[in-house]
Amino acid sequence: MISEDLKLSLYADGCDIRQNEFLKYYTSFRIGGPVPYILFPKTLNAFVNALSELLKRNIPFRIIGQGTNLFVSDAPLNFVVLSTKYLNKMNFEEKNNMDLIVEAQSGMSLSALSFLLSEDGYSGLEFACGIPGSVGGGVYMNAGAYGGEMKDVVLETTVLDLKDGKIKTLNKCDLEFGYRTSILQKDSFVLLSTKFLLKKDDLKRIKSKLIDFSTRRWEKQPIDLPSAGSIFKRPKPDFFVGTTIENLGLKGFSIGEAQISTKHAGFIINKGNATFNDVISLIEYVKRIVKDKYNVELQVEPEIWE
């Protein structure tokens, strides 16, 4: 799939290359079969060059951040994976005495970014303090929690357009943010970095939010167990999926080693050795029961690779 000369070229550009790696080691759900290669570009230029080379040679690929919103088949997968693990640089620009513009590369941990900015007294990303994903993934799906969403703080993103190979800037309107969606899911853009606008605020007030949000996550979500976060999108504002699943008596229900969390029915956990089929079967079972009872079609929030 990747020739020896391409391997040498990618390595010289600044890519670590691992062959026949299992993706279960790179996903929070701990499921995922082997892929021919995983590439780890060390710089943004190496990332763009790797993408360009794969496109030029018609080599299929997928991009992985922290693997926290992802279900991956445990069968062998026939595509190359590019990891944004090392793309975690930041730049800061003070707009005035009260505002800060920060540009973060796509692989930066969203929760780490939230805490770093909060420590300096900048507000806006507190909602993301417990979201276990990367900046790229967060913008891609307009991640949100506790009344905040990425669209509230994003100024613009830098992307690579796979159609013409050009690097472009998309502002907030261009990104077409919606509930757990953005134009990045629909078009041929790969996110490289994002600029955020944060406001200066009282440090005690910021700390209070962080403690509140973190405490609520620990108390209500199974964050100490392998999962992929919330499984289903909310189909309408007044329809709470976790509560609905719990009311149907499905809390703790299992298929194989995949289980609806006993702590929060909106999560599916891996009890230890869940298979991809266990997870998909459980998802389909829940969707069918909810459809039969409430005539509501649930949509899965995590990406599915197979």
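**View 1. Strand β2 (residues 34-41) and β5 run parallel and are joined by two bridges.** Helices (H or I, at least four residues) and strands (E, at least two) are DSSP runs, numbered from the N terminus. Two strands pair if DSSP finds at least two bridges between them. Leu-39 has Leu-82 of β5 as its bridge partner. This is a predicted model, in which local features need pLDDT of at least 70, side-chain atom pairs count only at pLDDT 80 or more, and totals for chains, interfaces and linings use all residues. Residues are numbered from 1 along each chain as its sequence is written, and side-chain values use heavy atoms, with hydrogens and water left out.

**View 2. Strand β5 (residues 80-83) is covered on both faces.** Val-80 and Leu-82 are buried on one side. Val-81 and Ser-83 are buried on the other. Buried means under 20% relative accessible area, exposed over 50%, and partly exposed in between (1.4 Å probe, protein chains only). β5 also pairs with strand β3 (residues 61-64), in the parallel sense, over four bridges. Here Phe-61 has Val-80 of β5 as its bridge partner.

**View 3. Thr-84 sits in the loop between β5 and β6.** Its relative accessibility is 6%, so Thr-84 counts as buried. Which residues does Thr-84 contact, leaving aside its neighbours within four places in sequence? They are Phe-47, Ile-63, Ile-64, Gly-65, Ser-106 and Gly-107. Contact means heavy atoms within 4.5 Å.

**View 4. β6 and β7 form a hairpin.** Four residues lie between the two strands. Strand β6 (residues 90-94) runs antiparallel to β7, and five bridges join them. Met-90 stands opposite Ala-104 in β7.

**View 5. Strand β7 (residues 99-105) is largely enclosed by the rest of the structure, because six of its seven residues are buried.** β7 also pairs with strand β13 (residues 189-200). This pairing is antiparallel and has seven bridges. Look for Leu-100: its bridge partner in β13 is Leu-198.

**View 6. Four strands make an open sheet in the order β14-β17-β16-β15.** The pairing is antiparallel. The edge strands are β14 (227-230) and β15 (254-255), and each pairs on one side only. Two bridges link β14 with strand β17 (residues 267-270) in the antiparallel sense. Ser-227 has Ile-269 of β17 as its bridge partner.

**View 7. Stepping back, the protein has seven helices and 18 strands.** Its C-alpha trace spans about 55 × 50 × 30 Å along the principal axes. The radius of gyration, taken over C-alpha atoms, is 20 Å; a compact globule of 306 residues would have one near 19 Å, so the two agree. The globule rule is 2.2 Å times the number of residues to the power 0.38. Of the 306 residues, 49% are buried. Among contacts between residues at least 6 apart in sequence, 64% join residues at least 24 apart.
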